[in-house]
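Here is a friendly walk through a model that may be new to you. Have the sequence and the 3D view open, and take the points one at a time.

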Amino acid sequence: MKIAIDVMGGDNFPSANIDGVFDYLQNTNSKNIHSILVGNESLIKKYLNNKSLDDKSITIINASDIVDDTDKPSRVFKTKPDSSLVKCINLLKTNE
């Protein structure tokens, strides 16, 4: 099973979201889980430097746009197409 995670959303991003992924991967019985971390690749890699990971269980997809509270939700797909939010939704849409 593949799981796409918008690591740029929520409080304490990306650390809280990445910690959640690692907690899940360490506590699941399934070995067939692949996590796709979507967000600012340099921030994700910087945070991952302190983690031990199985390269086969995690992929990073870079997203350069950032959605913030000044963006109109109805316009995000047009104004921020390279945001982690839009990229995660498109991954679902294309069954990736």
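1. **Terms to begin with.** A residue is called buried when its relative accessible area is under 20%, exposed when it is over 50%, and partly exposed in between (1.4 Å probe, protein chains only). Helices (H or I, at least four residues) and strands (E, at least two) are DSSP runs, numbered from the N terminus. Please keep in mind that this is a predicted model, in which local features need pLDDT of at least 70 and side-chain atom pairs count only at pLDDT 80 or more, while totals for chains, interfaces and linings use all residues. Residues are numbered from 1 along each chain as its sequence is written, and side-chain values use heavy atoms, with hydrogens and water left out.

2. **Strand 2.** How many of the six residues of strand 2 are buried? Six of the six are, so strand 2 is largely enclosed by the rest of the structure. Both of its faces are covered: His34, Ile36 and Val38 are buried on one side, and Ser35, Leu37 and Gly39 on the other. As background, side chains in a regular strand alternate between the two faces of the sheet.

3. Three strands form an open sheet in the order 1-2-3, with parallel pairing. Two strands are said to pair if DSSP finds at least two bridges between them. Which strands are at the edges? Strand 1 and strand 3 are the edge strands, each pairing on one side only. On average, neighbouring strands of this sheet are turned by 20° against each other, direction ignored; here the axes are lines fitted to C-alpha atoms, for helices over the stretch in contact, and angles run from 0 to 180 degrees between N-to-C directions.

4. **Bridges through Ser35.** Strand 1 and strand 2 pair in the parallel sense over five bridges, and strand 2 and strand 3 also pair in the parallel sense over five bridges. In strand 2, Ser35 is the bridge partner of Ile3, and in strand 3 the bridge partner of Ser35 is Ile58.

5. **Helix 1.** Helix 1 (residues 15-27) has 13 residues and reaches 18 Å from its first C-alpha to its last, close to the 18 Å expected at 1.5 Å a residue. That expected span is 1.5 Å times one less than the number of residues. Its buried residues are Ile18, Val21 and Phe22. Seen down the axis of helix 1, these buried residues fall within an arc of 95°, so they line one face of the helix; the arc is that of the directions from the helix axis to the C-beta atoms. What covers them includes strand 1 (2-6), strand 2 (34-39), helix 2 (41-48) and strand 3 (58-62), where contact means heavy atoms within 4.5 Å.

6. **Salt bridges.** A salt bridge here is a side-chain nitrogen of Lys or Arg within 4 Å of a carboxyl oxygen of Asp or Glu, and the count by this rule is three. Glu41 forms one with Lys45, their closest N and O atoms being 3.2 Å apart. Being four residues apart in helix 2, Glu41 and Lys45 are separated by about one helical turn. Glu41 is partly exposed at 26% relative accessibility, and Lys45 is partly exposed at 44%.

7. **Two further salt bridges.** Lys80 and Asp71 meet in a salt bridge at 3.0 Å, N to O. Asp82 forms a salt bridge with Lys87, with 2.8 Å between the closest N and O atoms, and Asp82 is partly exposed at 22%.

8. **Backbone points to check.** Most residues other than glycine have a negative phi, and most peptide bonds are trans. In the loop between strand 1 and helix 1 lie Asn12 and Pro14. Phi of Asn12 is near 55°, a positive value, and Asn12 is exposed at 59%. The peptide bond from Phe13 to Pro14 is cis, with omega near -10°. Asn95, in the segment after helix 4, has a positive phi of about 60° and is exposed at 73%.
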